[in-house]
Amino acid sequence: MSPNATLASNGISIERWTKASRVALGCMAAVLALLMFAPTVLGAGAIDRMTALFIYVILAAMWNALAGFGGLVSVGQQVFFGLGAYFTIRLADAGLNPFVSLFAAAIVTGALSIPLSLFMLRLKGGEFAIGMWVIAELAHLLVNLDRLIQGETGTSLISLNVYDGATRRATIYWLALTAMAALLGALFILMRSRAGAAMQAIRDNEEAATSLGVRVIATKRLLFVLAAFGIAVAGGLWLATATTFQPKTYFSVQWTAYMIFMVLVGGIGKFEGAILGAILFFVIETVFGAAGVWYLIGLGATALIFSLYLPRGLWGEIERRFDFQLLPVGYRLKLPGPHKIKWEE
Amino acid sequence: MINTLLQGILLGGYYAVIACGLSFMFSVMRIINLAHGSLAVAAAYGLWLLAAKAGIPPFAGLLIVLPVMAAVGWLLQRFILERSARGGTLLPILTTFGLSIVIDNLLFEQFGADTRSLAPFIGNLSYASWQLPGHIYVGKLAVMMMVTAVLILGGLQFFLSRFALGRAIRATAEDPDTAGLVGIDARRVNAVATAITMVTVGIAGAFLGMRATFSAYSGGPQLLFAFEAAVIGGAGSLWGTLAGGIVLGLAQSLGAQLHPQGFLIGGHAVFLLVLFVRLSRFGMPVLDKIAASLRTRLRSPT
């Protein structure tokens, strides 16, 4: 008798999907389809804000992939944001279409992250976190040396000027929407694959995972490169919306602070958590962004309080209290009778 | 050239002071405090306030700021680090990063964007120097920082090996559970260790303010310097931290000679080089060989 059949004879079954998660996936697809038509109905300001939201979702999901699923907390992820924007400028300057450059720049950044991962992934915990920050600072200084960038003065993505405002806005919007959907989809499929199970095993106990034959470094590298690529896409998209590239802005540790805030508040290690966190961050920024320094103090304090008192984040709490998952990446063990249903993550 | 080298070595004194707290806390609690640099900057602002508003010169101000820093360390351990350390290795990183954002922006809110310095309050100490033969000048402040670094590191080493509390700290660092079995209160020991760390952070903040200017967002770079010095020297060893600080100072001084932006690039590059050699597959055997030959030589001095 197969293991599943044995379980079934005891009234136990293993589920990957629930009714709620099927409905959620359907709803998400419907929402994405609806969002496709937004540029035809919404005004310029609204479209720009929506684009920013998609970029935040990408940033949160990618940082969450690394920290939440891979156990790799980095405070230097702004390096990929900055490099994504920088290579977009460089490639566009070489004559490539700016929108194509954006995608090519992310590939270049992703490729660069492979040799970087060779020794960064050997660092543990806080060493990895600060080590990445050093990498970001070094990349910032080296980009400043490029004549094209003119140091901190920066430069602009001038080749975008051939498009008129409306076309440009809509194209960037669609690109951001597509990039977000594709990256979330890729992450979802990856997390439900064998590699995803390996990643979560590493996060929970690296030694135990190693002893089970999980290829720890190879699995972590997969996440590291995916996160580098995704964040570089976000950097390129941000450049496309803002047009100007100032190294100080793009290589600022503030980007990582935003990513940490979104993921901590939403729920670290939860697929839905990063999305929820990004939406919350977007709303908070819209409402309190004008408060300047106090807004930043509030973000830092909120991250601090969540990490101390609510480390599972909002989505983690929702899941725990209501036993509710929309986009499960793990397996669900269904027991007969009045037992509590247990999620295995 | 000799002048550059000497300046670089002396600069290492400052880096050793700021790095020793980071590596001390790491060796005791396995926590890297990401707010380390921000706390040093906060101490520098404290000294600046005392000097500019109350007319208390920085060296006297230390008598107020250092006990305050020790108290801050105690509170930091009791209310933040202790709780976050229970949640595994990831949580303290996130918590202390959040703390650093709060500190940096509160400082900005309070003091604005202007850069500050303690130099105006210490007479000519910030630029006074001794002349050595061969037209070499060494700054008095730089020499003072180096002497302080040696005193702090030596004092810590002495404290850890000669005092009961020091031995309790080492025992807790080694194995908190077993230390608990022999009646050592790990909570108290960790709080004392954090308080000691914050005293060194306060001294580092004073030196930061005396030798250069600082602003609300100077904490990040200071954290990176401290981290680089600790890693280059081999985290956990106090004298290694001094060596690491000196290597970092040398790399920065030499980098600055090569290019206007070379100061920071030189430091980061040496850090990555050391990391690469230490972590790469070819580096390990070489380092092991050197270490092994050093050990045999130390054992049988011929």
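User: On what basis are the values given?

Analyst: This is a predicted model, in which local features need pLDDT of at least 70 and side-chain atom pairs count only at pLDDT 80 or more, whereas totals for chains, interfaces and linings use all residues. Residues are numbered from 1 along each chain as its sequence is written, chains are lettered from A and ligands numbered from 1 in the order in which they are written, and side-chain values use heavy atoms, with hydrogens and water left out.

User: Which helices do the buried residues of α14(A) pack against?

Analyst: Buried means under 20% relative accessible area, exposed over 50%, and partly exposed in between, with a 1.4 Å probe and protein chains only. Among the buried residues of α14(A) are F271(A), I275(A), F281(A) and F282(A). Contact means heavy atoms within 4.5 Å. The partners in chain A are α2 (19-35), α4 (44-69), α8 (165-192), α13 (254-266), α15 (293-309) and α16 (313-322).

User: How many of the 27 residues of α11(A) are buried?

Analyst: Helix α11 (residues 216-242) of chain A reaches 39 Å from its first C-alpha to its last, close to the 39 Å expected. This helix is mostly covered, and its buried residues number 19 of 27.

User: Is R116(B) buried or exposed?

Analyst: R116(B) lies in the loop between α4 (90-111) and β1 (129-132) of chain B. Leaving aside neighbours within four places in sequence, its contacts include Y45(B), W48(B) and F111(B). The relative accessible area of R116(B) is 14%, so this residue is buried.

User: What is the C-alpha to C-alpha distance between A197(A) and A257(A)?

Analyst: A197(A) is found in helix α9 (residues 194-204) of chain A. With 46% relative accessibility, A197(A) counts as partly exposed. A197(A) and A257(A) are 60 residues apart in sequence, and their distance in space is 28 Å.

How values were computed
Helices (H or I, at least four residues) and strands (E, at least two) are DSSP runs, numbered from the N terminus. The expected span of a helix is 1.5 Å times one less than its number of residues.
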